[in-house]
Amino acid sequence: LQSRALMTSVNGFRMAWGSLNSALVLSVGQVAIMLSVMHFAIGLNPKNVVATIAMALLTAAAFFALQQLLQVSFGSAVGKVVIIVLLMVQLASAGGTYPIQTTPAFLQAISPYMPMTYVVNGLREAITGGVEARYWVSVGVLTAIFVVSLAATSIVSARKRMWTMGRLHPALAI
């Protein structure tokens with residue numbers, strides 16, 4: 001969050017949304033690049049282009065909102081570490097690279113609770129053309145992650161308005 005926004009009377013939602021919207025605009029470019037590489041370099045042509053683009057944009061929005069929540073809640077440095085750890089666990093447990101049945105029992109157990117599992121399922125459905133129940137479940141889960149993360153960031157942002165000596169004069173700046 002920007003310190004300037006914290007010093008104003010702007011509500012928590014506007015602070016959270018104001019910090020997130022530039023990332024969401026950036027995500028449109030990222031999705032365009034990713035899908036262009038997927039199409040032109042790899043030669044993968046999705047059966048349902050609209051569903052693929054929508055899933056990619058929703059994925060970016062959900063993960064940016066979750067990243068923002070973690071960084072606002074834990075601070076920039078610790079939040080980034082938590083995000084990287086979460087990413088590593090999700091990559092191993094999503095079943096995107098290897099079938100989930102071939103992974104250790106711990107990763108199989110946490111797989112249904114990881115957002116990346118729903119991204120993999122949703123993109124598989126959209127790319128292969130079968131926009132059915134698994135796609136819509138994925139859309140629902142990612143939408144919920146986006147909404148809950150934005151709402152929680154709004155609440156945490158509003159609480160960050162309380163200034164302490166530690167925040168005014170941080171011991172160490174990273």
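**View 1. Buried residues of helix H6 in a predicted model.** In H6, the buried residues are Pro115, Met116, Thr117, Tyr118, Val119, Val120, Asn121, Gly122, Glu125, Ala126 and Ile127; buried means under 20% relative accessible area, with a 1.4 Å probe and protein chains only. Helices here are DSSP runs of H or I with at least four residues, numbered from the N terminus. Because eleven of the 14 residues of H6 are buried, this helix is largely enclosed by the rest of the structure. The cover over these buried residues includes helix H2 (12-41), helix H3 (49-74), helix H4 (76-93) and helix H7 (133-159). This is a predicted model, in which local features need pLDDT of at least 70 and side-chain atom pairs count only at pLDDT 80 or more, while totals for chains, interfaces and linings use all residues. Residues are numbered from 1 along each chain as its sequence is written, and side-chain values use heavy atoms, with hydrogens and water left out.

**View 2. Length and end of H6.** The 14 residues of H6 (residues 115-128) should span 20 Å at 1.5 Å a residue, and the end C-alpha atoms are 20 Å apart, which agrees. The expected span is 1.5 Å times one less than the number of residues. Gly129 follows H6 and has a positive phi, near 95°.

**View 3. Surroundings of Ser27.** Ser27 lies in helix H2 and is buried, with a relative accessible area of 3%. Its side chain reaches the backbone oxygen of Leu24 at 2.5 Å. Not counting residues up to four places away in sequence, Ser27 touches Leu57, Ala60 and Phe64, where contact means heavy atoms within 4.5 Å.

**View 4. Nonpolar cores.** A nonpolar core is a set of buried Ala, Val, Leu, Ile, Met, Phe, Trp, Tyr and Cys residues joined through side-chain atoms within 4.5 Å. The largest has 25 residues, and Leu20, Tyr135, Leu142 and Phe146 have the most contacts inside it. Two or more residues come from each of H2, H3, H6 and H7, and H3 gives the most, with nine residues. Another core, of five residues, lies apart from this one and includes Leu35, Met38, Ala56 and Ile127.

**View 5. Helix H7 and Tyr135.** The 27 residues of H7 should span 39 Å at 1.5 Å a residue, in agreement with end C-alpha atoms 39 Å apart. Among the buried residues of H7 are Tyr135, Ser138, Val139, Leu142, Ile145 and Phe146. Leaving aside neighbours within four places in sequence, Tyr135 is in contact with Ala51, Ala54, Met55, Gly122, Glu125 and Ala126.

Note on methods. Buried means under 20% relative accessible area, exposed over 50%, partly exposed in between (1.4 Å probe, protein chains only). A polar contact is a pair of N or O atoms within 3.5 Å; within protein, one must be able to donate a hydrogen and the other to accept it, and residues adjacent in sequence count only if both atoms are side-chain atoms.
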